[in-house]
Amino acid sequence: MAITEGHYDVIVIGSGISGGWAAKEFCEKGLKTLVLERGFDVQHVKDYPTAYKDPWEFPHRNRVPLQVRKENPIVSRCYAFNEDAQHFFTLDAEQEYIQEKPFDWIRGYHVGGKSLLWARQVQRWSDHDFEGPARDGFAVDWPIRYADIAPWYSYVERFIGVSGNRDGNAAMPDGEFLPAFELNAVERMVQEQLPKGYPDRQVIAGRCAHITEPKEIHIQQGRTRCQNRTLCQRGCPFGGYFSSNASTLPWAAKTGNLTIRPNSIVESIIFDKDRGIATGVRVIDAETGQDYVFHSRLVFVNASAMASTQILLNSTSDRFPNGLGNDSGLLGKYVAFHNYLGSISATMEGFDDQYYYGRRPTQPIIPNFRNVKKQETDFLRGYASFFSAYRGQAAPTGDSLGASYKDSLSEVGGWGIGMMMQGETIPKAENHIRLSKDKRDKYSMPQLIFHVDYDDNDRKSMADFLEQGAEMLEYIGAKNISTHDSKQNPGLDIHEMGGARMGHDPKTSLLNSWNQLHHCKNVFVTDGACMTSTGTQNPSLTYMALTARAADYAINQYLKKL
């Protein structure tokens, strides 16, 4: 028997990047808010056990033991799954799922979620992105445009702190920026020279959610400037980068309106057929196995794209036998992600008297230049190109003992350049997730089946990036250019999107322009599940802006009708 515990104004499912923002917005406006997190509690600073450790203080010098890797082949593929941060990653056995096609589902089940682990890159979408599906004939038309979300981008950027320059690039609009991280000598050369040969290609400083010059709003949050340690995946005790733990959740908590319940696995959302709305959620306590029911006036679903879709699919009733709000039958379909298949490496001669200071947490970007003004290739959409120049250690000289050997270890080698793509994939109905009818996880939840893959458009996009990227590097004088296909599985990009997309028409979408379920108006979905297409930008800033926008609408418009 489920235990009924508590009535709230709002229940927020998930405590990550978008869930933290929902909590902040509702608590600030005086609404009693319950945040349900399926993982363990993590409090800022106190629960960052490796934040100050030196490499030699780790038993395995920050390498995950081979046995752990063998037991966790999926999460071990993530670049940040090392000894200093493995406690923030969900191990493979914690939530089993079924791969009809290979998919690396990388998760972080704890308060703050992947906001402690994300790469912190934040770029705005442009009208080119919001208009893309309608213009190019895929997916469905977005029900919003840049003008609808631009004020909310600004609202979020001012609070979280975003470093960058105002570059005037139409494909990647400017925002409310703190000073940018500097480019090094080779990168500045590329920034100056590349547009001379390729006028449509601009090099801009990376835009990231790191504080370079604290403003009063950041000081009020208890955060200070980024220390350039690039140990971010451990949790930042300085609050130098944005996370739910350092920013939105403490901000919400100080209002007195926030309740966070860790170890709370949301089984389903409860729908009242007579009233036509959701009345709360069913929860399984991860520690005791006890079932609970929590009631609320509003439900915001922010568990992450695939997990949110799973909850909606499992929220069945007489009215919605195929999942909450799923009259269209599209719930779980049109899953998309970012294409990271292509990368390039090269060397750069000269600049031997140049170096750089600190460990910069971002890279220069070449915003998308493909198919922007017109369709010009045999594939749809395009890609952003991230690159960086760096100096490695020189090869040691002399004997392997003694002062001269140690001195040689401090010498720097020549310059290298690395470049990677972040390509837009096209949402397709066949790329979907669904619930298993016969396999359940250890909490008796139906396992999620993944049927998601690359297609010919993705391979053509990668081939174009490798060709164009190599050509650009050759133009600026790079040598020893080598192209690579990572052949990585979808999911390892950790930018999965879709499953409960926005749209104008309830017959072809799940959510309206305010992120409301068309057929259950007091349930909002504002994480990656809501995305109609993927763009070429990192998506988290858009999730935060959509969440703040939807919360404002829910408070000022919808709650008045309840």
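These legends go with close-up views of a predicted model. In it, local features need pLDDT of at least 70 and side-chain atom pairs count only at pLDDT 80 or more, while totals for chains, interfaces and linings use all residues. Residues are numbered from 1 along each chain as its sequence is written, and side-chain values use heavy atoms, with hydrogens and water left out.

**View 1. Helix α11, residues 540-558.** Helices here are DSSP runs of H or I with at least four residues, strands are runs of E with at least two, and both are numbered from the N terminus. The expected span of a helix is 1.5 Å times one less than its number of residues. (Buried is under 20% relative accessible area, exposed over 50%, partly exposed in between, with a 1.4 Å probe and protein chains only.)

**View 2. Phenylalanine 159 against tryptophan 251.** Rings of Phe, Tyr and Trp (its six-membered ring) pair if their centres lie within 6.5 Å; planes under 30 degrees apart are stacked, over 60 edge-to-face, and the rest tilted.

**View 3. Phenylalanine 337 with tyrosine 454.** Here's another edge-to-face pair, with 5.4 Å centre to centre and 80° between the planes. Phenylalanine 337 sits in the loop between α8 (305-314) and β8 (338-339), and tyrosine 454 in the loop between β14 (446-451) and α10 (456-475), so the pair ties together parts 117 residues apart in sequence. Phenylalanine 337 is buried at 1% relative accessible area, and tyrosine 454 counts as buried at 12%.

**View 4. Glutamine 447 in strand β14.** At 7% relative accessibility, glutamine 447 counts as buried. A polar atom of its side chain lies 3.2 Å from the backbone oxygen of arginine 440. Glutamine 447 also touches residues (heavy atoms within 4.5 Å) including Glu96, Tyr97, Gln310 and Asp441, leaving aside residues up to four places away in sequence.

Notes: A polar contact is a pair of N or O atoms within 3.5 Å; within protein, one must be able to donate a hydrogen and the other to accept it, and residues adjacent in sequence count only if both atoms are side-chain atoms.
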